[in-house]
Amino acid sequence: DDTGLITLVTHLPEFKRLALIKRYYELFQRDVLADIRNDTSGDYQKALLACVRPPPAVWASTLKSAMKGLGTADSLLINFLCIAKDHMDEVREIFDKENSTPLYKWIEGECSGDYKRVLVALSLRSSADRVDMAPIYWAQRCADALYDVTTLKTLLTSLPAVVLRRAGDIYKAVYGDSLAEGIKKKCEEGRGFSFFTDYWKITMQRLLELPVGVRAIGLNDAMKGWGTDEFTLTALICTVPENMHKDVQEEYERRFGRKLVEHVESETSFNYKKLLVAATHTKVQSRCVALNAAMKGMGTDEKQLIRVIVCATMKERELIRQAYQEMFDKDLIEHVESETSGDFKGMLVALLESCEPEDAPDYEGDADVIIDSFAGSDADFETITRKLAAKTPSQLEELAAAYEAKAGESLKEKLAQESASFGESIFGNSDFKSLVQLLMQPPAERLASSVRYCIEGWGTDDTGLITLVTHLPEFKRLALIKRYYELFQRDVLADIRNDTSGDYQKALLACVRPPPAVWASTLKSAMKGLGTADSLLINFLCIAKDHMDEVREIFDKENSTPLYKWIEGECSGDYKRVLVALSLRSSADRVDMAPIYWAQRCADALYDVTTLKTLLTSLPAVVLRRAGDIYKAVYGDSLAEGIKKKCEEGRGFSFFTDYWKITMQRLLELPVGVRAIGLNDAMKGWGTDEFTLTALICTVPENMHKDVQEEYERRFGRKLVEHVESETSFNYKKLLVAATHTKVQSRCVALNAAMKGMGTDEKQLIRVIVCATMKERELIRQAYQEMFDKDLIEHVESETSGDFKGMLVALLESCEPEDAPDYEGDADVIIDSFAGSDADFETITRKLAAKTPSQLEELAAAYEAKAGESLKEKLAQESASFGESIFGNSDFKSLVQLLMQPPAERLASSVRYCIEGWGTDDTGLIT
């Protein structure tokens, strides 16, 4: 059944091609590719195989065909090496496996000169180097820029630190010195950079540092010598990302020979010291210190134990237990048990022991247990503790809902009751009550409530406040500010200001405000008043480099003068220019700015064939296009025109073959353009290159079909589908036309062909509609109206009848899956519909059609549990007493049987149906 086969195998993405090959073998113990070869022939066979094999395998075969025999099909070779550029590892592996000679050796034997060298470079390209090769060119630009201050400034201010580090590593490997040494030497030569201020030199060298290094230097600057710069120290320590704490500690000790925590302790005092030390530690370390401090000596700080343990996640509790043993040589649980008692101790221990959330908790059963535990005087409080402690916040919400549905009262309020008859018996003491109440709150509410408790009333619980606000990532800082206001109608920042003072107050605020806001304030403090704190200004502009949009927005909002204007008023010369460039940097340009340097490299490389070859073969097409746009804006011509002019000058590139020139220009094209050119090459002039045509059309990614059609018409003035139709015939034509259309367009054409004229191809209707997803059916309906000026459902209704029509219409109308289906209820309805002679088959149809494949599996399981038989087998019965009454005709039966299969099985079964027996259903196979 060629029509069916065409319909099925066109427009399969690579993962579905692989799934088809695998599932087909599992179901039928046959090789789908071998079956296609046995049942078809000629170009049609090759096209079918190209639709089923993974694209890299198709490209590998095409590359071999371009080189085998007499002569070489150079245009074909160029096009497919460019198309396969970002998948070269797979293509090379397949080619080398299928042939005794490696791909690059084939190319060396077929080409010569620079043409050979560029194709060999392409064939040996690593697919993983789509972006990672770029630092090579940044390293080259840095080398050039040591003689060009403007370029160096642009490079260092625009590129992310991690990229500069990669480029710096390559620079050192190539030129011997580090880039920082290169800048330093220029400064010491008495020429070049030496006439700039020291701060200009410091800035350029600081920009080469990774964020960890900048922070370590900034921290040392704030503490070295006489006195301490508390403002800088606060802003740095309180904005270190959580995943960077350990690295900063190690980097500080490596550079300055002393532990960061010890240095901070020696430079600070009182609550300010407590806060900065807690913030300098990693989060886990600081929590261990807090827990130990709460239990050592006389008495125990129960509130601190509650805050630390309840506000930690399950994973954090596990890490805290491990670290506590290492730091204090004590088992944390044993320490807690020795310092607490009663139900309070039981709950703390249960929380510390619960390191993994329950898998699929039985909320109904747990609610029953808690209700029973509340009853009577001998309640099992240990069980209540275990039920609560073993659950995550979201699981506690589910449990509370189940409890309320059963008991008719709020679990949170029940636990909060303080009447003598209940409160004393349940809580024993107020610490246990406080613990349970806090545990029943969502995480953001826990934090906000705990912070409020530390601030409200007489005095401030500084230890608790420090513990709570240190180590908050930005999203938790914002959540705290928002939730605190929602719960108490108060501003947490204002409350901190009112209850604290001095450096301690500033440090607390820096722990709660988002880091960009802290950096904005620090930048202003570096410039206001007499003189400018240049080291501070440099450090924080470098730290904020990748968040400059947010910093600039906050700074400009809080001050009447924009950030760059402040800098212009405080600095001069190149120092001013580099800081202004930093302050105006777009955070979104972390990588996208790079094409500026690739454009410059391309300009240089017009006089350096080796560099140009490396650029064009290594960089992704989309990056080259960006670089090409910038090149044109800067130099007037397009890069392609630049290469072309060199060819026409009779010097430079002109002594290379035309194919070398074509290759260099083709590498500048985006994948859409390469495909459009390749398709035209295959069809223009006398005759048609069917092999190339097949390999191109059958490997176009699904999201590129429309772009290829538009690009083809823009370049060559005719519609691609029409050109393909005019160059092909019979089933080969049907397949290529179907594959040239977008998937939705091809399905519309297939459905229309199945219904127009005399008779209706019911099998084709089944294949197209059942094998489509719900979203695809919706798009097909919309496109059908546009393409044929007909409503698809009305057309189907006019060409079909009975339950078959009902099921097709129901499938086409079901564009959204049911939300939370009632599988038990639906199973009951289907069981009832099977009973008696007047079964409600329309209802069965609707129940099946409205569900996704995974929902149908759930329904089938519910049906089997209730009816004691398989729903799929029940639907497949062919006995006269059931088959005729249910199905009416075999088309409906086929439709329902296919619908009950998983998607991969639907496809494999349909392909097998088109191939098996006498003849092939080509239309179905193509579809």
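This is a predicted model: local features need pLDDT of at least 70, side-chain atom pairs count only at pLDDT 80 or more; totals for chains, interfaces and linings use all residues.

Trainee: Which residues touch the most other members of the largest nonpolar core?

Mentor: Leu275, Leu276, Val451, Leu537 and Leu579, out of 79 residues in that core. A nonpolar core here is a set of buried Ala, Val, Leu, Ile, Met, Phe, Trp, Tyr and Cys residues joined through side-chain atoms within 4.5 Å. Buried means under 20% relative accessible area, with a 1.4 Å probe and protein chains only. Apart from that core lies another, of 72 residues, including Leu8 and Ala739.

Trainee: What is leucine 275 in contact with, leaving aside neighbours within four places in sequence?

Mentor: Cys238, Ile466, Thr470, Tyr504, Ala507, Leu508 and Cys511. Contact means heavy atoms within 4.5 Å.

Trainee: New topic. At what angle do H16 and H17 pack?

Mentor: Helix H16 (residues 211-223) and helix H17 (residues 230-237) pack at about 155°, with axes 8 Å apart. Helices are DSSP runs (H or I, at least four residues), numbered from the N terminus. Axes are lines fitted to C-alpha atoms over the stretch in contact, and angles run from 0 to 180 degrees between N-to-C directions. That angle makes H16 roughly antiparallel to H17, a label for angles over 145 degrees.

Trainee: Which residues meet there?

Mentor: Arg215, Gly218, Leu219, Ala222 and Met223 in H16 meet Thr232, Leu233, Leu236 and Ile237 in H17.

Trainee: What about H22, how many of its residues are buried?

Mentor: Seven of the ten in H22 (residues 302-311), so the helix is largely enclosed by the rest of the structure. Among the buried ones are Gln304 and Arg307.

Trainee: What covers them?

Mentor: The cover includes helix H31 (430-439) and helix H32 (443-455). H31 is itself mostly covered, with seven of its ten residues buried, including Asp431 and Lys433.

Trainee: And leucine 447, buried or exposed?

Mentor: Leucine 447, in helix H32, counts as buried at 12% relative accessibility. Leaving aside neighbours within four places in sequence, leucine 447 contacts Leu468, Leu472, Lys476 and Leu480. Lysine 476 is 29 residues from leucine 447 in sequence and 9.2 Å away in space, C-alpha to C-alpha.

Conventions. Residues are numbered from 1 along each chain as its sequence is written. Side-chain values use heavy atoms; hydrogens and water are left out. Buried means under 20% relative accessible area, exposed over 50%, partly exposed in between (1.4 Å probe, protein chains only). Helices (H or I, at least four residues) and strands (E, at least two) are DSSP runs, numbered from the N terminus. Angles under 35 degrees count as roughly parallel, over 145 as roughly antiparallel, 65 to 115 as roughly perpendicular and the rest as oblique.
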